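Open the model in a viewer and follow the selections below in order. Each stop says what to select and what is there.

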Amino acid sequence: MILETYLKNNNKNLHQMHLETAIPETTLRNLNKREIDKWNIEYFDALAKTVGKEKMTVITELEDLSNQTINGANHENYLGRYNLENRRYIGNKNRLVNWIAELIDTHTSGNSFLDLFAGTGVVSKKMMPKYDSIILNDFLYSNNIIYNAFFGTSPYNIEKILNYQDAFKRITSNTIDDDYFVTNYGNKFFSDHDARIIGEIRTRIEKNKKLNNRERSILIASLIYSVDKIANTVGHYDAYRKKVKIKDKFVFELINPLNVDGKNIKIYQKNANDLVKQIKSDVVFIDPPYNSRQYSRFYHVLEGIAKWDKPHLTGVAMKPPVENMSEYSKVSAHQAFDDLIIHLNAKYIVVTYNNTYNSKSNSSKNKITHEQILESLNKVGHTKSFEMPFQFFNAGKTELKDHKEFVFITEVIK
């Protein structure tokens, strides 16, 4: 029943897929009884069209859902539309996570896993069945909220969350919000109407004293995912698309928190180089930014929603004052990486890297070379290298042939 379950998770059903793709319902019902490894490629294409996602994303999500069924475990608590991986994020590992997980399974061992630059958190989600302890860290406040929402261990009231969703969906304008959001982002990243609703929802969450921390995180994370789904951008918030008519599209939908029963989950929002001097883990996964793109600037709108501190905004993209600037996006990146590796307390170090160092685009050009990565890793142990061709993030200005994603696995010598 994997097809029907997947469609339900994405607010669709077999009849809607039939209408969207013209595949007979009898065929879809038969497909619903078959394992995904027996599907023809046309069915993945049809399903991707139905749910409005890229085919590789659909395949990855189906594989995860299939594994959950095989293992007899429900890793999602289904509240709404969005799973952890359903967001746009530069450098996300959605398409590579199965390959990365297989390498980690084969070449490492241990009971604890540290995701040091966790980003979307999809690698931690993938590795969760393998480890007793999972540690996530990222310096973005919005990511910290999202981790607490999805991976948190504190209880939450499902009925209360669903009631707030119903109330938020009935909002037609702002009544207690002060127009900050619509003034700054209306008719830019969102329509004026949508911006008013977004601001109103966030203000209601902020003023609500009946929510515990987990419930608050779930509602804010749900707002972030709902916002990101319809934002007038190319996938980040460094700019918005101009000369387009922005339609009213916003719908508040809930995330699906993960089932983390029996797991020891710790969540940090710290400088990675400082954190590794305070904790230890058997396996450390490292996927830092390597080029000049600062994530705190690329996702400033989502950061603003998460913090709701309403700073003064400037520039065309309406950005706040500079903060949380990563050393890994500066010329000092190699020194920062070297310091990080030296101070890790781990048995195995797993590093991902892509070969954009010789890119013609300055913003895409890596601040650390392939050779420098290996030089740092080889100081602390024996390193194995693995590679895979990969279609990298491209904003339209970067040309790079034969792009590859690398995974380095170092067994640390004490």
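**Stop 1**

Select Lys169 and Glu253: the two form a salt bridge, with their closest N and O atoms 3.5 Å apart. Lys169 belongs to helix 9 (residues 158-169), while Glu253 sits in the loop between helix 12 and strand 3, so the pair ties together parts that are 84 residues apart in sequence. Lys169 counts as partly exposed because its relative accessibility is 43%. Glu253, by contrast, is buried, with a relative accessible area of 11%. Keep in mind throughout that this is a predicted model.

**Stop 2: a salt-bridge network**

Now select Arg216 and Glu206, a salt bridge whose closest N and O atoms are 3.1 Å apart. Arg216 lies in helix 12 and Glu206 in helix 11 (residues 192-207), so this pair links parts ten residues apart in sequence. Arg216 is partly exposed at a relative accessible area of 22%, and Glu206 is partly exposed at 32%.

**Stop 3: a buried pair**

Go next to Glu61 and Lys53, whose side chains meet in a salt bridge (2.8 Å, N to O). Are these residues buried or exposed? Glu61 is buried, with a relative accessible area of 5%. Lys53 is also buried, at 19%, which falls under the 20% cut-off for that class. The structure holds 15 salt bridges.

**Stop 4: a positive patch**

Select Arg241, Lys245, Lys247 and Lys249, which form a positive surface patch. Arg241 is in the loop between helix 12 (213-230) and strand 3 (264-268). With 40% relative accessibility, Arg241 counts as partly exposed.

**Stop 5: the loop at His343**

Move to His343, in the loop between helix 16 (333-342) and strand 5 (346-354). Which residues does His343 touch, not counting those up to four places away in sequence? They are Val276 and Lys277. Show Lys280 as well: its C-alpha atom is separated by 10.0 Å from that of His343, although the two residues are 63 apart along the chain. His343 counts as partly exposed, at 34% relative accessibility.

**Last stop: the whole protein**

Zoom out and colour by secondary structure, which comes to 17 helices and seven strands. Buried residues make up 55% of the 414 residues. Among contacts between residues at least 6 apart in sequence, 77% join residues at least 24 apart.

Key: Residues numbered from 1 in each chain as written. Predicted model: local features only at pLDDT ≥ 70, side-chain atom pairs only at ≥ 80, totals over all residues. Heavy atoms only, no water. Patch = residues over 30% accessible without salt bridge, like charges linked within 9 Å, V, L, I, M, F, W, Y side chains within 5 Å. Areas by Shrake-Rupley, 256 points an atom, 1.4 Å probe, with all protein chains shown as cover. Salt bridge = Lys/Arg side-chain N within 4 Å of Asp/Glu carboxyl O. Lys, Arg positive; Asp, Glu negative; His and termini not counted. Charge placed at Lys NZ, Arg CZ, Asp CG, Glu CD. Helix = DSSP H or I, 4+ residues; strand = E, 2+ residues; numbered from the N terminus. Buried < 20%, exposed > 50% of the residue type's maximum accessible area, 1.4 Å probe, protein only. Contact = heavy atoms within 4.5 Å.
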